[in-house]
Amino acid sequence: MSKEAKKDATRTMVHYNDPSELPFPDKSACVLVEVSHSGLNYKDGLVLTGSPGVAKKFPLVPGIDFAGKVVEDSSGRFSKGESVILTGHYAGQWMDGGYCDLARAKPEWLVPLPEFLTERESMIIGTAGFTAMQCVMHLERYGGLTRGEKGPVLVTGAAGGVGSVAVAILNRLGYHVVASTGRAALKDYLKKLGAKEVIGRLEKSKPLNKEVYAGVVDCVGGSTLAAALASTKYGCAVAACGLAESSGFQATVMPFILRGVKLLGVDSVQASMEERKAVWESLRLCLPRDLLDDLVEVYGLDDLVGNLGEKIIKGETRGRCIIDMSLGKATQIPVDMLVNHPEPSSVSLSSVAVSSKGSAASPKVVSKVDNPSSVLMSNPLSASPLSRL
Ligand code: NDP
């Protein structure tokens with residue numbers, strides 16, 4: 001990430017009357033959703049701070065996750081008022097995302113809200129929780145991890161979003177969870193989620209270390225991933241989903257060829273609809289709902305204009321952060337006032353947009369009412385392979 005990119009990125013609260021006024025629409029996004037909650041993921045932090053490579057272009061409205069009610073759907077797939085969720089496709093990267101009152105989405109990206117969850121709860125889980133469940137499913141399907149296993153299962157980056165949910169799921173499934181964190185002060189938090197042991201971050205390791213872990217969920221990559229591979233038991237696996245430390249890692253093939261250790265890559269973005277439904281069903285069975293409130297920190301759009309993006313990139317947020325769209329608003333606007341309103345200029349929606357000096361024209365700001373609606377981001381740097389992250 002270049003320093004220049006960071007300096008250039010600006011976040012603005014944008015007030016608008018119609019989603020077509022937002023800066024980065026997609027014509028095939030034909031479902032209009034009244035957003036009640038959105039999530040903050042590491043990737044959102046990268047977009048909010050103007051990092052190159054994750055967003056296709058700036059300006060845009062970030063937000064890779066959101067939950068809300070369908071206002072209209074010209075594809076006919078969803079009915080008006082139906083609750084839907086979107087996690088980790090390319091919203092907030094390749095088109096405007098969920099940091100706004102009214103968002104557009106592609107019908108094939110939306111999942112009907114699972115009946116065991118509220119919209120708020122679905123965002124506490126969000127892409128991070130979804131990915132945590134995928135990691136556990138990968139370890140059990142392909143990594144030889146079986147329920148009843150006595151050996152410890154390691155979670156790195158444990159106090160972050162993916163890590164926290166992974167700790168809770170693994171404990172619920174009866175595993176002995178070892179949580180690795182750089183924040184010793186969060187020991188009690190991790191114990192409450194179900195960690196049996198809380199350790200510091202993994203030190204750089206020799207190619208093969210003592211065989212300790214029957215499985216690993218790795219959220220951080222870099223030397224941590226190499227050290228986790230070196231300490232994984234014969235025939236067991238590491239599920240790698242993140243890069244909070246680094247996207248690169250230096251390791252040897254020793255764990256693979258001498259111990260049959262498996263490295264399982266986990267991607268949530270391109271998961272099929274079938275897999276998505278299976279993951280949400282597993283979350284119903286495996287994630288204790290009574291822990292959701294312990295996992296969450298709640299923010300409003302204003303906080304996104306502030307330094308929330310920087311905080312998640314620096315590893316300073318705890319568990320899952322969600323954006324409650326009602327926060328900071330004097331009154332909720334009824335949906336029917338937002339759509340087909342006889343005098344649209346008398347109401348205004350809000351979003352947060354990200355942009356920069358070098359990006360295309362700044363979004364039009366229509367500030368009629370003190371009722372913010374979206375956060376906009378822009379940055380001059382073009383897309384890179386990371387934008388597929
Ligand atoms: P968070 O920022 O919430 O958590 C990341 C955690 O990693 C931090 O809380 C911190 O945990 C740890 N960490 C941060 N910096 C470092 C460092 N330099 N060295 C070691 N550990 C560090 O992010 P998420 O949980 O939302 O996401 C985690 C990772 O997973 C990200 O890289 C994200 O891009 C990726 N991801 C991938 C997905 C996929 O589909 N593959 C989907 C979702 C996320 P602690 O304080 O406990 O040490």
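Residues are numbered from 1 along each chain as its sequence is written. Because the model is predicted, local features need pLDDT of at least 70 and side-chain atom pairs count only at pLDDT 80 or more, while totals for chains, interfaces and linings use all residues.

**Confidence**

The predictor's confidence in each residue, pLDDT, runs from 0 to 100. For the protein chain the average is 88, and 84% of the residues score at least 70. Residues 1-5 stay under 50, and the model has nine contacts for them beyond four places in sequence. Residues 360-372 are also below 50, with 34 contacts beyond near neighbours in sequence. A contact here is a pair of residues whose C-beta atoms, placed from the backbone, lie within 7 Å.

**Around the ligand**

A residue is near a molecule if its C-beta atom, placed from the backbone, lies within 6 Å of it. The ligand has 33 residues around it, and Gly 157, Gly 160, Thr 181, Gly 242 and Gly 315 come nearest. Helices (H or I, at least four residues) and strands (E, at least two) are DSSP runs, numbered from the N terminus. Elements α2 (42-48), α3 (119-142) and α4 (161-172) each give two or more residues to this shell. By class, the shell holds 13 nonpolar, 15 polar and five charged residues. In this scheme Ala, Val, Leu, Ile, Met, Phe, Trp, Tyr, Cys and Pro are nonpolar, Asp, Glu, Lys and Arg are charged, and the others, Gly among them, are polar.

**How α3 packs**

Helix α3 meets α4 and also α8 (residues 273-286). Axes are lines fitted to C-alpha atoms, for helices over the stretch in contact, and angles run from 0 to 180 degrees between N-to-C directions.

| Pair | Axes | Angle |
|---|---|---|
| α3 and α4 | within 8 Å | roughly 50° |
| α3 and α8 | 10 Å apart | about 85° |

Angles under 35 degrees count as roughly parallel, over 145 as roughly antiparallel, 65 to 115 as roughly perpendicular and the rest as oblique. So α3 is oblique to α4, and roughly perpendicular to α8.

**A cis bond**

Phe 58 and Pro 59 are joined by a cis peptide bond, with omega about 0°. Pro 59 sits in the loop between α2 and β3 (66-73).

Technical notes:
Contact = placed C-beta atoms within 7 Å.
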